[in-house]
Amino acid sequence: MHEFSIVQNLLELLEEEVEKHKAKRVCRVEVLVGLLSGVEPHLLELAFETFKEGTVAEKAELVLQIEKLKIFCEDCGKEFEKEELNALCPSCGGLNTRIVGGQELLLKSVELEV
Amino acid sequence: MCKECGCADGHRHMHKEETKEVSLFKKVLEKNDLQAQENREHFEEHGVFAINLMSSPGAGKTTLLERTVELLNEFKIGVIEGDLETEIDAQRLRAKGVPACQITTGGACHLDAFMVHEGIHELPMEELDLVFIENVGNLVCPASYDVGAHLNVVLLSVVEGDDKPEKYPVMFRQAQLLVITKIDLLPYVDFSVERAVRSARKVNPSIDVIRLSAKTGEGLEEWVEYLRFKVRSFKRSLI
């Protein structure tokens, strides 16, 4: 359960943005969560709701965008998207693959009230 | 009643709200990752190879380290121990003459780069060749934090079950080496080494695998040889 610590990192970034843009508060936060980022979306939401109180994001809405796993199969020479959390090629079933996406946890954008 | 200013009901007016959309695409753990990079550079300045050792509680991290320092005596080894509470693990290693510092996370389920940074400053870095960062026993949370190591190793003991890599894909994905421990217990458990390796390679096709028993010593030579190779290649890369 490290989502609380992740939300604290997120709130710090939001505070920096508010200061940088001399904004009043954060209205909306968009976060991209890769399926293989190790972050549980539901727990991230719960942690955000708990910790946003008393911060610049107190009234902010958190929008999560889930990014599927992207793998490139060297044998098929193609990229695939998949929901299962393994590197098996969905086409040939082989493992001559590379994971090329779905591992990130990114603060994509913020909407600030200025 | 107007929710914005609290003025009386029926009083209709517009509240001017100006908003601004800022596109960022920033890593949420950006600060941790920057500190991790700094830690890595700090290790390199002292010619120290750093290994992040992860596993569930009780997989045998500390016991493996005790055996490793006995066998790998050509290198000076230091240990950064992460635990929720107590100094027990650091004391076990200090008893072997190893400089060890204990980081008690006070409830946090993982080590982050800032905690490891504190640990670095407690160790006599100029004397060391190799530092093990023994993470908090947990197969989930430590996988999300770069702590600044050069190699991530995950231990899986045969009593835990051979399906664990697929159940904890992020952890087995982050590791470059899987060490299957307690193989002396294989006759007593339904654990197939082959299934475990297949399960790990499904999430991480290129993961290296070593199997060993710190109790009987089987496989320890291979582990120590792997470490020798890694530390020497690292030292050569610094020249």
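In what order do the elements of chain A run from the N terminus on? They go α-β-α-β-β-β-β-β, which is the pattern to keep in mind while turning the model around. Keep in mind, too, that this is a predicted model. Counted up, chain A has two helices and six strands.

Let's stay with chain A for a moment. Its C-alpha trace spans about 50 × 30 × 15 Å along the principal axes. The radius of gyration of chain A is 17 Å, whereas a compact globule of 114 residues would have one near 13 Å. Buried residues account for 34% of the 114 residues. Take the contacts in chain A between residues at least 6 apart in sequence, and 69% of them join residues at least 24 apart.

Now bring in the partner. Chain B has eight helices and eight strands, and its C-alpha trace spans about 85 × 45 × 35 Å along the principal axes. Among the chain B contacts between residues at least 6 apart in sequence, 74% join residues at least 24 apart.

So where do the chains meet? The contact draws 31 residues from chain A and 31 residues from chain B. On the chain A side, the elements giving two or more residues are α1 (3-20), β1 (25-34) and β6 (105-113). Of these, β6(A) gives the most, with nine residues. By type, the chain A side splits into 19 nonpolar, eight polar and four charged residues.

β6(A) pairs with strand β1 (residues 19-27) of chain B in the antiparallel sense, over seven bridges. To find the pairing on screen, look for A:V110, whose bridge partner in β1(B) is B:V22.

Moving on into chain B, you come to an open sheet of seven strands with parallel pairing, in the order β4-β3-β5-β2-β6-β7-β8. At the edges stand β4 and β8 (208-211) of chain B; each has a single partner strand, so one side of each is left without a neighbour in the sheet. From one strand to the next, the twist averages 20°. Within the sheet, strand β2 (residues 49-54) of chain B and β5(B) pair in the parallel sense over five bridges, and B:A50 stands opposite B:V131 in β5(B).

Helix α7 (residues 193-203) of chain B lies across β6, β7 and β8 of chain B, and runs at about 155° to β7(B).

Finally, which residues of helix α4 (residues 113-120) of chain B are buried? They are B:A113, B:M115, B:V116, B:G119 and B:I120. Look down the axis of α4(B) and these buried residues fall within an arc of 155°, so they line one face of the helix. What does that buried set of α4(B) pack against? The answer is α1 (30-45), β3 (77-83), β4 (100-104) and β5 (130-134) of chain B.

Terms used. Residues are numbered from 1 along each chain as its sequence is written. Chains are lettered from A and ligands numbered from 1 in the order in which they are written. This is a predicted model: local features need pLDDT of at least 70, side-chain atom pairs count only at pLDDT 80 or more; totals for chains, interfaces and linings use all residues. Helices (H or I, at least four residues) and strands (E, at least two) are DSSP runs, numbered from the N terminus. The radius of gyration is taken over C-alpha atoms; the globule rule is 2.2 Å times the number of residues to the power 0.38. A residue is buried if 20 or more other C-beta atoms lie within 10 Å of its own, exposed if 12 or fewer, and partly exposed in between; C-beta atoms are placed from the backbone. Two residues are in contact if their C-beta atoms, placed from the backbone, lie within 7 Å. Ala, Val, Leu, Ile, Met, Phe, Trp, Tyr, Cys and Pro count as nonpolar, Asp, Glu, Lys and Arg as charged, and the others, Gly among them, as polar. Two strands pair if DSSP finds at least two bridges between them. The arc is that of the directions from the helix axis to the C-beta atoms. Axes are lines fitted to C-alpha atoms, for helices over the stretch in contact, and angles run from 0 to 180 degrees between N-to-C directions.
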